[in-house]
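This briefing is meant to be read beside the sequence and the coordinates. Please keep both in view while going through the points below.

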Amino acid sequence: VSGDVYAVDDWTLLLVDFNYDGTGDDTFFWAGDSGRPGPLGFIVPDQHGKTNILERYNNEEVRLRLPDGKRVSRLSWFAIYDLASQNAFGDVYVPEEFESPAPQVNSGPVRFLDASTVLIPELRFDPGGEDVYWWTGVGPQPSARGVPLPDDLGYLEPLRAHMGEDVMLRLPGGRSAADIDWLALWHRANGTALATVLVPDSLNVPPAAATLHPFVTRLPRCEQLHRDLQVSWDIFGNQISIQLAGMADDTLDQEWPTDRAVFIVWAVGPLDHLGEPAYHRLRPAI
């Protein structure tokens, strides 16, 4: 066994010029946090995400992703380990003070399509399940005083992995490029920016295409569920009042005839493959 081992980030190992003759009977990529390589460890899936017995490698570059819940910074060692003979054919130890590099972020040039729409082309970023958000605000650099930005699907949730696709973001609440100084990938738990784009002053872009309709709820509690959906509520004794406000697709609007009786069912549910209301189990009382 020969080669060099690098930590790409806290969840990814890179083996460079890796050689293994493939003669082990029950050999795997193996890692653990005990004092030395041994049976008290876990299999690291190969470059294809498989946990098969290792075959031959000839001067190859191999990228390995640790299983969920495992981190490079919490390992004591990584090995090419044979379970049958309980021998390590090759191993490397992780120093106690080791700090993994931040996740890598790559994309094409970021640009504003209009005053409230941002395009990040060919984004490559894997947060590894970490608490990373799109983040924006004012000031000379990203800080915790910023606010989360809905992702390309409109959700205010930690980012999912992006593997080279174009990502389009929309500034919420009537904000425009003139109202922010930066856009960042923000690690909320660590309070650090993994990548930052500064927004130039007096950016010359078309006005936002979306039209906002002012809305003020009369209920005291509210939460943003989605870029286009807000829920408000109030509790009084054993009763609860709920109000939903959102941006609806114009194609869903239907005419209501006024020259005859019309029966309406107030319901919440999914749309089917034709974009029509599907069967629902939630039937709120009016």
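The model is a predicted one, and its local features are reported only where pLDDT is at least 70. One part of it is an open sheet of three strands in the order S1-S2-S5 with antiparallel pairing, and another part is a set of antiparallel pairings that involve strand S9. The structure also holds seven aromatic pairs.

**The open sheet S1-S2-S5**

- The three strands S1, S2 and S5 make up an open sheet in that order, and their pairing is antiparallel.
- Strand S1 (2-9) and strand S5 (57-65) are the edge strands, each of which pairs on one side only.
- On average, neighbouring strands of this sheet are turned by 15° against each other when direction is ignored.
- Strand S1 runs antiparallel to strand S2 (residues 12-20), and six bridges join the two; within this pairing, Asp 4 has Val 16 in S2 as its bridge partner.

**Asp 17 in strand S2**

- Asp 17 is found in strand S2, and although Asp 17 is not a glycine, its phi is positive, at about 55°.
- When residues up to four places away in sequence are not counted, Asp 17 touches Ser 2, Gly 3, Asn 59 and Glu 60.
- The C-alpha atoms of Asp 17 and Val 5 are separated by 9.2 Å, and these two residues are 12 residues apart along the chain.

**Aromatic cluster around Phe 18**

- Four residues, Phe 18, Phe 29, Tyr 57 and Phe 78, form one aromatic cluster, in a structure that holds seven aromatic pairs.
- The ring centres of Phe 18 and Phe 29 are 5.8 Å apart and the ring planes stand at 45°, so this pair is tilted.
- Since Phe 18 lies in strand S2 and Phe 29 in strand S3 (residues 27-32), the pair ties together parts that are 11 residues apart in sequence; Phe 18 and Phe 29 are both buried.
- Phe 18 and Tyr 57 also form a tilted aromatic pair, with 5.1 Å from centre to centre and 55° between the planes.
- This second pair links distant parts of the chain, with Phe 18 in strand S2 and Tyr 57 in strand S5, 39 residues apart, and both Phe 18 and Tyr 57 are buried.

**Strand S9 and its partners**

- Strand S9 (residues 117-125) is mostly covered, as seven of its nine residues are buried.
- Strand S8 (residues 111-114) pairs with S9 in the antiparallel sense over three bridges, and a hairpin joins S8 to S9 through two residues; Asp 114 stands opposite Thr 117 in S9.
- Strand S12 (residues 162-170) also pairs with S9 in the antiparallel sense, here over seven bridges, and Leu 123 has Glu 165 in S12 as its bridge partner.

**Ser 116 in the loop between S8 and S9**

- Ser 116 has its place in the loop between S8 and S9.
- Its relative accessibility is 8%, and because buried means under 20%, Ser 116 counts as buried.
- Leaving aside neighbours within four places in sequence, Ser 116 is in contact with Leu 169, Arg 170, Leu 171, Arg 175 and Ala 208.

**Charges over rings**

- The charged end of Lys 70 sits over the ring of Phe 42, at 4.7 Å from the ring centre.
- The charged end of Arg 188 sits over the ring of Tyr 133, at 4.5 Å from the ring centre.

**Gln 86, with a positive phi**

- Gln 86, a residue other than glycine, has a positive phi near 55°.
- The place of Gln 86 is in the loop between strand S6 (77-82) and strand S7 (87-93).

Key: Residues numbered from 1 in each chain as written. Predicted model: local features only at pLDDT ≥ 70, side-chain atom pairs only at ≥ 80, totals over all residues. Heavy atoms only, no water. Pairing = 2+ DSSP bridges. Helix = DSSP H or I, 4+ residues; strand = E, 2+ residues; numbered from the N terminus. Axes fitted to C-alpha atoms, helices over the stretch in contact; angles between N-to-C directions. Buried < 20%, exposed > 50% of the residue type's maximum accessible area, 1.4 Å probe, protein only. Contact = heavy atoms within 4.5 Å. Phe/Tyr/Trp six-rings, centres within 6.5 Å; stacked < 30°, edge-to-face > 60°. Lys NZ or Arg CZ within 6 Å of the ring centre and 35° of its normal.
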